[in-house]
Number of protein chains: 2
Amino acid sequence: MQVSKTLDYAVRSLTYMGNDPVLKRSMKEISEHQHIPLSYLAKIMRRLVKKGIVRSMVGPDGGYALRRSPKEIKLRDVYEAIEGEIRMVDCMDRDNICVFYDSCTQLPVWDKVQMSMIKILEDTTLQDMLSKSRGKSARPN
Amino acid sequence: MQVSKTLDYAVRSLTYMGNDPVLKRSMKEISEHQHIPLSYLAKIMRRLVKKGIVRSMVGPDGGYALRRSPKEIKLRDVYEAIEGEIRMVDCMDRDNICVFYDSCTQLPVWDKVQMSMIKILEDTTLQDMLSKSRGKSARPN
DNA sequence: ATATTATGGATGCATGATGTCCACAATATT
DNA sequence: AATATTGTGGACATCATGCATCCATAATAT
């Protein structure tokens with residue numbers, strides 16, 4: 001029940017890019033500024049590209065750039081690009097492995113936790129996580 | 001970011017006991033009714049005992065019983081007995097390993113998620129998770 | 001005395017997160 | 001065309017942890 005290092009890397013990379021959305025950033029640059037192992041960062045960027053969060057340019061002076069503006073990138077998108085669908089317990093999605101599914105009494109609770117988490121991640125954008133943005137909880141639109 | 005099997009085992013064991021709080025239940029009985037590996041269940045019960053959630057009796061006709069009434073056992077207690085303190089990210093508790101701690105912009109978000117989760121687990125009792133209890137989200141006191 | 005049950009510790013195993021390496025494709029520059 | 005740079009894709013290595021088992025021992029009811 002913890003934020004993975006990988007997700008942290010992803011968010012840090014994106015906020016770094018988001019602070020100057022116009023600029024193109026190479027993996028090397030991101031890696032150095034954010035202290036992320038270069039070869040691992042490659043894997044992470046791949047997922048963000050596939051989900052259409054960033055676009056990539058190959059070749060000299062290549063690199064990455066945000067596909068949308070920071071305020072249009074939801075933290076939920078990033079989360080799901082890295083971790084896959086948000087799912088608190090397995091039995092809520094997969095085909096009913098659990099013998100107790102029908103009578104399970106804790107499911108509603110985890111579902112509640114999950115929905116609450118989704119709502120927060122859905123309401124938080126990259127914009128909210130940029131250095132500039134002051135007022136951490138209050139987001140004046 | 002998922003509910004561990006172990007926590008699921010713990011909750012299932014407790015709800016099983018909670019359905020008849022008067023009765024004493026042996027590991028064997030719990031294990032069989034809830035499909036939990038006996039030797040693993042032993043480890044789990046140990047943690048619940050240590051946290052004062054259940055008490056144990058050794059010897060023939062021994063077993064476990066709840067220490068408090070179901071409505072006095074918070075899901076948060078159970079969670080913490082199994083998983084330890086609720087912590088979404090490491091840097092929020094340990095002594096500042098992260099280089100970016102001061103300037104970290106995602107911390108507030110995870111903190112928000114964490115608080116929201118804590119609130120739900122704090123407000124949910126074992127009573128809410130018993131078979132009898134109908135009205136999954138509405139808890140009429 | 002015996003059978004039953006929990007306790008505590010050591011250990012095994014599998015899975016997944018994290019990280020590395022390398023050959024290759026794309027492309028800007030010369 | 002040649003070269004250097006950068007991302008891509010896959011295989012592989014490493015390590016931690018969740019899950020599980022086993023066994024010797026302590027407690028205790030009969």
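This is a predicted model: local features need pLDDT of at least 70, side-chain atom pairs count only at pLDDT 80 or more; totals for chains, interfaces and linings use all residues.
Copies are superposed by least squares on the C-alpha atoms of residues with pLDDT of at least 70 in both, where pLDDT is the predictor's confidence in each residue, from 0 to 100. Residues are numbered from 1 along each chain as its sequence is written, chains are lettered from A and ligands numbered from 1 in the order in which they are written, and side-chain values use heavy atoms, with hydrogens and water left out.

**Confidence**
- Chain A has a mean pLDDT of 91, and 89% of its residues reach 70 or more.
- In residues 133-141 of chain A the pLDDT is below 50. Beyond near neighbours in sequence, this stretch has 7 contacts in the model (heavy atoms within 4.5 Å).

**The two copies**
- The copies meet through the same surface, because 97% of the interface residues of chain B are also interface residues in chain A.

**DNA strand C**
- DNA strand C is surrounded by 24 residues (each with a heavy atom within 4 Å of the strand). The closest are A:Thr6, B:Lys43, B:Arg46, B:Ser56 and B:Tyr64.
- Of the atoms of DNA strand C that come within 4 Å of the protein, 62% belong to sugar and phosphate.
- At A:Thr6, an N or O atom of the side chain is 2.3 Å from a phosphate oxygen of DNA strand C.
- At least two residues each of the surface near DNA strand C come from α1 (5-18) and α3 (38-50) of chain A, and from α3 (38-50), β1 (54-57) and β2 (63-66) of chain B. Helices (H or I, at least four residues) and strands (E, at least two) are DSSP runs, numbered from the N terminus.

**The hairpin in chain B**
- β1(B) and β2(B) run antiparallel and are joined by 4 bridges (strands pair if DSSP finds at least two bridges between them).
- B:Arg55 has B:Ala65 in β2(B) as its bridge partner.
- The hairpin has 5 residues between the strands, and B:Gly59 takes a positive phi near 105 degrees.

Technical notes:
A polar contact is a pair of N or O atoms within 3.5 Å; within protein, one must be able to donate a hydrogen and the other to accept it, and residues adjacent in sequence count only if both atoms are side-chain atoms.
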